[in-house]
Amino acid sequence: MHEMSLAISIVELVSDKAQAAGSEKVTAIELEVGRLSGLMAEALAFCFEAAARNTPAEGAKLLIRELDGRGNCPACRHSFIVDSLLAQCPQCGGYAVDIVQGRELKVVSLTVDDEDEG
Ligand SMILES: [Zn+2]
């Protein structure tokens, strides 16, 4: 499953960052997942939970923000929401649409348990 390998990468990334910050525990992770990425947020959350077992990310709260797909039409400069990579411009009917948002998967923020503060 594609989501599983991504979940493992996320766990590795946040575990490294937690360690770099001198923390043993990640408490929350905020992700942005584009609706055109082909990833299912639910599947990703499920895989994350499994991948995080016995790592600093175990039990971390995963917040997934889904980003709409967005396209720009170079012909008429219209910007619009798209739900597929094969989008058609609703204004001029052109198919040469630049997808500018919706394919991302990124960690936008990370909260670690900071033992010095608290
Ligand atoms: Zn257009």
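These questions and answers walk through a predicted model of a protein chain.

Q: How many helices and strands does the protein chain have?
A: The model is predicted. From the N terminus on, its elements run α-β-α-β-β-β-β-β. The count for the protein chain is two helices and six strands.

Q: What percentage of contacts between residues at least 6 apart join residues at least 24 apart?
A: Of the 118 residues, 27% count as buried. The contacts asked about are those in the protein chain between residues at least 6 apart in sequence. The share that joins residues at least 24 apart is 72%.

Q: Which strands are the edge strands of the sheet with mixed pairing?
A: This open sheet has three strands, in the order β2-β1-β6. The twist averages 15° from one strand to the next. Two strands pair on one side only. They are β2 and β6.

Q: How many bridges join β1 to β2?
A: The two strands run parallel, with β2 covering residues 61-67. Another pairs Glu 30 with Leu 63 in β2. The number of bridges is seven.

Q: What is the hand of the β-α-β crossover from β1 to β2?
A: The chain leaves β1, passes through α2 and reaches β2. These two strands run parallel. The crossover is right-handed.

Q: Which element supplies the largest share of the largest nonpolar core?
A: The core has 20 residues, and those touching the most other members are Ala 7, Val 11, Val 14, Val 26, Leu 44 and Phe 48. α1 (2-20), β1 (26-34), α2 (41-51) and β6 (105-112) each supply at least two residues. Nonpolar side chains tend to be buried together in soluble globular proteins. The largest share, six residues, comes from α1.

Q: With which residues is Phe 48 in contact, leaving aside its neighbours within four places in sequence?
A: Phe 48 is among the core residues that touch the most other members. Sequence neighbours within four places are left aside here. The contacts are Ala 7, Ile 10, Val 11 and Leu 62.

Q: How many residues make up the other core, the one that lies apart?
A: This core lies apart from the core that includes Phe 48. Among its members are Cys 73, Val 82, Cys 89 and Val 97. Its size is five residues.

Q: Which residue in β5 is the bridge partner of Gly 71?
A: An open sheet of three strands has the order β4-β3-β5, with antiparallel pairing. Its edge strands are β4 (79-82) and β5 (98-101). Three bridges join β3 (residues 69-72) to β5. The partner of Gly 71 is Ile 99.

Q: Is Ala 60 buried or exposed?
A: Ala 60 is found in the loop between α2 and β2. Its contacts beyond four places in sequence are Val 26, Thr 27, Ala 28, Ile 29 and Ala 52. The C-alpha atoms of Ala 60 and Val 26 are separated by 5.7 Å, though the residues are 34 apart along the chain. With 25 other C-beta atoms within 10 Å against a cut-off of 20 or more, Ala 60 is buried.

Notes: Residues are numbered from 1 along each chain as its sequence is written. This is a predicted model: local features need pLDDT of at least 70, side-chain atom pairs count only at pLDDT 80 or more; totals for chains, interfaces and linings use all residues. Two strands pair if DSSP finds at least two bridges between them. Helices (H or I, at least four residues) and strands (E, at least two) are DSSP runs, numbered from the N terminus. A nonpolar core is a set of buried Ala, Val, Leu, Ile, Met, Phe, Trp, Tyr and Cys residues joined through C-beta atoms within 7 Å. A residue is buried if 20 or more other C-beta atoms lie within 10 Å of its own, exposed if 12 or fewer, and partly exposed in between; C-beta atoms are placed from the backbone. Two residues are in contact if their C-beta atoms, placed from the backbone, lie within 7 Å. A crossover is right-handed if, with the strands pointing away from the viewer, the path from the first strand over the helix to the second runs clockwise. Axes are lines fitted to C-alpha atoms, for helices over the stretch in contact, and angles run from 0 to 180 degrees between N-to-C directions.
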